[in-house]
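Please read the report below alongside the sequence and the structure.

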Amino acid sequence: MTRERGTLRRAVRLLGLDTRRVLLAVLTGTLALGCAVALAAVSAWLIARASQMPPVLQLSIATVAVRTFGIGRGVLRYVDRLVSHDVALRGMTNLRTTLYTRLAAGRSEATLRVRRGDLLARVGADVDAVGDVVVRGLLPAGVALLLGIGTVTAMAFFWPPAAVALAACLVLAGVVAPLLAARGARASERRAVTARADASAAALAALDDAGPLLVAGGVGRRVAELRDADRRLARAVDAGAASSAVAAGLGILATGLAATAALVTGIPAVVSGALAPVELAVIVLTPLAAFEATGMLPAAAVSVQRSRAAAARILALLDSAAPDAEPRGTAEPPAATSRPPVQFPELSVAIHDPNVRKVNVGEGAGIVARGLDCGWPGLPPVLRGVDLDVAPGRSVAIVGPSGAGKTTLLLTLAGLLPRAGGTLLVDGDEPTVLDPAERAARVVVTAEDAHVFGTTVLENLRVARGDVTPDEATAALTAAGLQDWLAALPDGLDTMLGPDARTVSGGERRRLLLARALLAPAPLLLVDEPAEHLDPATADALVTSLLAGPRTPAGGPRGVVVVTHRLTPLAAADEVLWVESGRIAARGTHAELSAGLLDYGEAVRRERVTADHRERA
Amino acid sequence: MKPLDPRLLRYARSARGYLALTVGLGIVTAALVVAQALLLAHALARAAHDGATLASLRPAIGWLAAVVVARASVVAVQERFAHRAATRAVGELRAGVVEHAVALGPRWLATGRGPEVVTLATRGLDALEPYFVRYLPQLVLSATVTPATILVVLGLDWVSAAIVVGTLPLIPIFMVLIGRMTEGRSERGLHAMSRLGSQVLDLLAGLPTLRAFGRQAGPAVRVRALGDAHRRATMGTLRVAFLSGMVLELLTTLSVALVAVSIGLRLVGGGLTLETGLAVLVLAPEVYWPLRQVGAQFHASTDGVAAAEAAFAVLEAPVPAVGTVPCPDLRRATLALTGVTVRSSGGRTPSALDLTVAPGTVTALVGPSGAGKTTTVEVLLGLLRPDEGTASLVVPGAAPVALADLDPATYWPQVAWLPQRPVLEPGSLRALVGPGASDEALASAAALTGLDAVVAGLPAGWDTVLGAGGAGLSVGQRQRVALTRALLSPAPFVVLDEPTAHLDAAGERVVLATVAAMRAADRTVLLVAHRPSLVATADSVVTVTPVEAAAR
């Protein structure tokens, strides 16, 4: 519980709230509700005094005050709502910016995980939920506190015993009731989480597979599961209902008790002359209006309770991205890391195949991996013992069954995932200790699920390099086989693409990502499945051109590593790595593997059969 | 949009009892509100005006305390059952929607309504909770407490009643006026808000990509700028949206103030007693209180009302009539499609397809993705009626029967369908794959499909219990489970939709062997295939050609 409280406090601190604005919001809120209390008090005084039939002139101030407070309440409440929402929205902007900045500067695998999980879909809602804490929790609590103190103090001037009773009742309604409400919500929520998830899963399963379930006769079972989950949900809600019920009743009880207590303590005082009869009306009727602020607090406590989970998710996201576990190049030079640089005897010579073209681009240039293990942090490595040399001008293809760790290898080579073992140098430095900009200047990876931003085609290409000219963009799109697509776009390079490129097909998306990668200035390019969702002929042409002597935009030689499932175009690669069962199962040229490796040869033949089949058709 | 749709009571039975309870409690509340005001006014007036002692007022104060406790109890009871009723009603609607949507069939779900129903069944209907818990009780109170208090005020002092009745209609009038005025503006504001919000999320989603290119630092400024723009757009909308709230508050507090002033002035003139004046003063805010709450909860309830209406739309969609003709033995019957066209958002997929599936043969359906291969399967299974052409079952020596006229209860048990994404019920692997099959049959089938290696790696072998959707198995392993099940199933007609998807070269050999075994058992096999090796095993190959929407 203490830890949970800390969670919310930390998350609210991330909102970076402006104290003066918060105070202004609390003040306007208090004044607005204070007007209602004052309206009740003045009305009571007016009526009680009027019944003593004084000259009408004596009542004129009160009649004006009553109307003023009536208007003031509405206007101030309007201002209060605007000010408090403004405070919350400013906080949410701060939180989003902090979130972005920390994720951008933090460990890269955290952001990769966000992309993969459903976290992202929730980030927006979670930020809103934390902002909600301000509008629904923090500010109403502040208003209730200030207003309570004000009302009790004013009451004490008339008749202290009634003030004491009012204070006790305010605590009952403003502290005890919210605590009970929160407890009830917590009790329900704890039990309801599983039931709610089960109900969603059962509904989803039935709807997603409606056809197969109908044919296989499984609909009844799924609906029964759904009903069962809903029954458990109802029981979970019942578990917290008693607390919520008492909390709701307490608010009403407190109001009535405060008025009754004022009567009971005030009447003897009137009889003894300690209290004027007019004042009795004031102290009895004022409490009826004094509980509006506390009345909002049980609901506030429940919503704060619900925001806690959102706050915890945001903090977990930030913690997972915290850079402390990863040494940063900007903080300390590579030489100071615990891992000493490794000397390699043959730097740009391939180990297994002496026949590969040797490109001399200077010592230490390119990717040099020895005994490299790849995997996601916290999980066992999926691929072990990778030896690889990719100097500018050299092309390597990685193939193998899905799930063999090809993508993980690419991300590791690019320095986006920490290596799980072995050594890895990019142009002589460990990629993970380099400054991100410096690292991207040396090696760039285009992941399968790389993002297409909701902006123009040109701006999407400029992600690779800010100064891409329209001509360069057209050339890159042409190189990626998108010239016809580009020609068909309504606004050419200025055409807007939907968020996550819903308006481009799978194949177009892959080629757009490839065009972007081609525009990157880095001499080393790692590309994941550029030809997925394309017909075989287009796919093969694309991969062949990518493997056969690519150049950087500046015209220099470029080293490429391509992960692909098409084997036919790999004749253009200098080396092919066959990844299977967590290791490099075989390596060599396309010709060598076709002749020497049974599975590889069979797969190549199958691709050929497809091509023949298509020609016949 | 009705505040209380009678259909809600029809489809969610729990809501009926709850509504009855709420109305009952609403009537009691009205009585208690009036009693509290009269008792308070009586005690106060006697003490302040007549100088009565505490002892003489003890009965009145005792009753007042009792009324206060009763009011608190009523609120507690209401709250106690509101949450329960909301959960139950949501559960009933959810189950009803899911059941009805499944009965409407996969095609109905695929025509754009699917995602909506999924959202409705997973999260959307939960929005009914605030409707039941907060909105409905206040709605009932505005129909009980408001008229009751007005009547009592009328009985006490007709001038005050006139003020109240005069201002009351202004509330809905102003609300409608402001609603009209702000409608367009709010919608524009909401649109801008969601666009800005999605741009920030877009940048967050693209962060790994920006990092890969070393360009992650720049957009932080943009995130802040977008956030500021978001705030300005939101505040612009709120400035207008909160106006209705302000008008409501102004009208109610001002009319209470007017009542107070008018009572005060008439008390001075001696036309009114203090007790009456105090009673009216206490009652006047109570007239408006439920209305203010309805206004305050209105926005919270609209999502729930919209969700309920969407649920009714699903529940009221007519289910196509189920066929009644008993299905003949599929081992002797030929399935025939003639000129079948199905219209979809992608065009005509398939377009004018002719297909004959003769008993004991292997037929392959090929064609580009999106051509309508799976749609063709759904037509063949009677899940979907073609827009053009006929789909029928031909038995030698008998008249052809339209597939849609077949009784599914006699047709579907003769079919083993392995969809693209295999559907695995939770339960033990043995029960899942071949309930009733002997160990030998299981072992030999598993050896053929490669499931034996999977079973060997499971903690409890065949008795391993799998979660929903086969949780705990990889996609490829699930595919092998489903293949083994299709192999062991006695159904004479087997449909394999892309059985080699998610499988590597070794897995592909397994599928070929499985199809060969099915052919050897004289079963009818329909393959939806991409890979040529699979196509090569078929007796006949049918190409599905679409006519794309743009080409029409």
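Domain bounds, as used here, come from an automatic or database domain assignment. This is a predicted model, in which local features need pLDDT of at least 70 and side-chain atom pairs count only at pLDDT 80 or more, while totals for chains, interfaces and linings use all residues. Residues are numbered from 1 along each chain as its sequence is written, and chains are lettered from A and ligands numbered from 1 in the order in which they are written.

For chain B the assignment gives domain 1 (6–315) and domain 2 (330–551), and the C-alpha centres of domain 1 of chain B and domain 2 of chain B are 54 Å apart. Chain A is likewise divided, into domain 1 (7–319) and domain 2 (367–449 + 523–616), with 57 Å between the C-alpha centres of domain 1 of chain A and domain 2 of chain A.

Helices (H or I, at least four residues) and strands (E, at least two) are DSSP runs, numbered from the N terminus. By that definition chain A holds 20 helices and nine strands. A residue counts as buried if 20 or more other C-beta atoms lie within 10 Å of its own, as exposed if 12 or fewer do, and as partly exposed in between, with C-beta atoms placed from the backbone; buried residues form 54% of the 617 residues in chain A. One residue to look at is Ala129(A), which sits in helix α5 (residues 119–158) of chain A and is buried because 23 other C-beta atoms lie within 10 Å. Two residues are in contact if their C-beta atoms, placed from the backbone, lie within 7 Å, and, leaving aside neighbours within four places in sequence, Ala129(A) is in contact with Ser307(A) and Ala310(A). Ala129(A) and Ser307(A) are 178 residues apart in sequence, yet their C-alpha atoms are 5.3 Å apart in space.

The contact between the chains takes 121 residues from chain A and 110 residues from chain B. On the side of chain A that touches chain B, the largest share, 29 residues, is supplied by helix α8 (residues 219–272) of chain A.

In chain B, helix α2 (residues 14–49) has 36 residues and reaches 52 Å from its first C-alpha to its last, close to the 52 Å expected at 1.5 Å a residue, where the expected span is 1.5 Å times one less than the number of residues. After α2(B) comes Gly51(B), whose phi is positive, near 70 degrees.

Two strands pair if DSSP finds at least two bridges between them.

| Strand pair | Sense | Bridges |
|---|---|---|
| β11 (residues 493–497) and β12 (residues 524–528) of chain B | parallel | five bridges |
| β1 (residues 334–341) and β6 (residues 388–394) of chain B | antiparallel | six bridges |
| β6(B) and β7 (residues 401–402) of chain B | antiparallel | two bridges |

Individual partners can be followed within these pairs. The bridge partner of Val495(B) in β12(B) is Leu526(B), whereas Thr341(B) stands opposite Glu388(B) in β6(B) and Ser392(B) stands opposite Ala402(B) in β7(B). The hairpin of β6(B) and β7(B) has six residues between the strands, and in this hairpin Gly397(B) takes a positive phi near 85 degrees.
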